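Q: I am new to this structure. Please show me how to read its main features.

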Amino acid sequence: MTRRFLPGLLIALGVLALGLLVAFTVGRYPVTLAELIEVLVSRLMGRATAVPPAVENVVLLVRGPRVVAAVLVGGALAVAGTAFQGLFRNPLVSPDILGASSGAALGAVLGIYFSLGIEGLAFAGGLVAVAAVYVIGSMLHSRDPILVLVLTGVVVGALLGAGVGLVKYLADPYNQLPAMTFWLLGSLAATTVSDLLPLTGPVAVGTVVLIALRWRLNVMSLPEDEARALGLATGPFRIAIVAAATLVTSASVATSGIIGWVGLVVPHLARALVGPDFPRLIPTAALLGGGYLLFIDTLARTAAPVEIPLGILTAVIGTPFFIWLLAGMQRTWS
């Protein structure tokens, strides 16, 4: 396993490093590698830089926050998808399976409609939605609590989606509706340094919890009866895993809008590199997720005269992958 883990981890690190390089240097205002190194080294050493002020502003103020946000959001969604796929024992599960994205979407459109804080309401909406799903699912006693949670998430997500549609219908079509539509499609264009703190804190906390529970995730991926036979209290650990994955998902959606497919595609790529063992899978997925979204975001801001929403590009790439995944479902997933 170690022989397989180290090459896979190095590949993931290489993808992230290449994504960082491309994201900082490619754009309508190109930055050379030498200029990038000069800016970063000068900032770290606390000395004046020799590059033009415009280059320094592009690197530190324009692309810097966006690059950091892309790494955090991509890594968070990948880690959440990895945890949910293992917990629900389903390779087709994504981070919004319990309604986090739908709740965040409703919170965001309400924030736009009432001119309130979009990020805060989106974050709260995601947490409240998943909490509602878990409470309702806990009240419905069943031999298969995982299936009940998934079905409850689908129902609550559909209800929240109807709420989003109602708010969009009532919104001002000239100002509010375009803002809602743009947010729902996902973008990092408006990311600033002030947006990084409310994103970094929840993502760091949730990721640390999932890493701490990585060995339990191996057991939780077994059937419920087998996990309990091994002496694991599945209920409390399921709550902890769901809470941590929801925390990072809600924080990511609140910052970037709804970016689908990252939490579905990247865990499978990481699994192909290092196998299904969660102590190896989680850090690899985090690195791959950050690099993957960096490439998507760079493509979004350079491929057309106007910026393409991230949700469109991730869907274009994720849909054929999903079809390929369905075609391979006859093989054992482990």
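A: Start with the elements: helices are DSSP runs of H or I with at least four residues, strands are runs of E with at least two, and both are numbered from the N terminus. Here the protein chain reads α-α-α-α-α-α-α-α-α-α-α-α-α-α along the sequence. The radius of gyration, taken over C-alpha atoms, is compared with a globule rule of 2.2 Å times the number of residues to the power 0.38. The protein chain has a radius of gyration of 20 Å, close to the 20 Å from the rule for 334 residues, so it is as compact as a globular protein of that length.

Q: What kind of model is this, and how are residues numbered?
A: The model is predicted: local features need pLDDT of at least 70, side-chain atom pairs count only at pLDDT 80 or more, and totals for chains, interfaces and linings use all residues. Residues are numbered from 1 along each chain as its sequence is written, and side-chain values use heavy atoms, without hydrogens and water.

Q: How many of the residues count as buried?
A: Buried means under 20% relative accessible area (1.4 Å probe, protein chains only). In the protein chain, 49% of the 334 residues are buried.

Q: Which residues of helix α7 are buried?
A: In α7, residues 176-185, they are Gln-176, Met-180, Trp-183 and Leu-184. These cover an arc of only 95° around the axis, which puts them on the same side of α7; the arc is that of the directions from the helix axis to the C-beta atoms.

Q: What do the buried residues of α7 pack against?
A: Contact means heavy atoms within 4.5 Å. The buried residues of α7 pack against α4 (100-113), α5 (118-139), α6 (145-170) and α11 (234-256).

Q: What follows α7?
A: Gly-186 does, with a positive phi near 85°.

Key:
Buried < 20%, exposed > 50% of the residue type's maximum accessible area, 1.4 Å probe, protein only.
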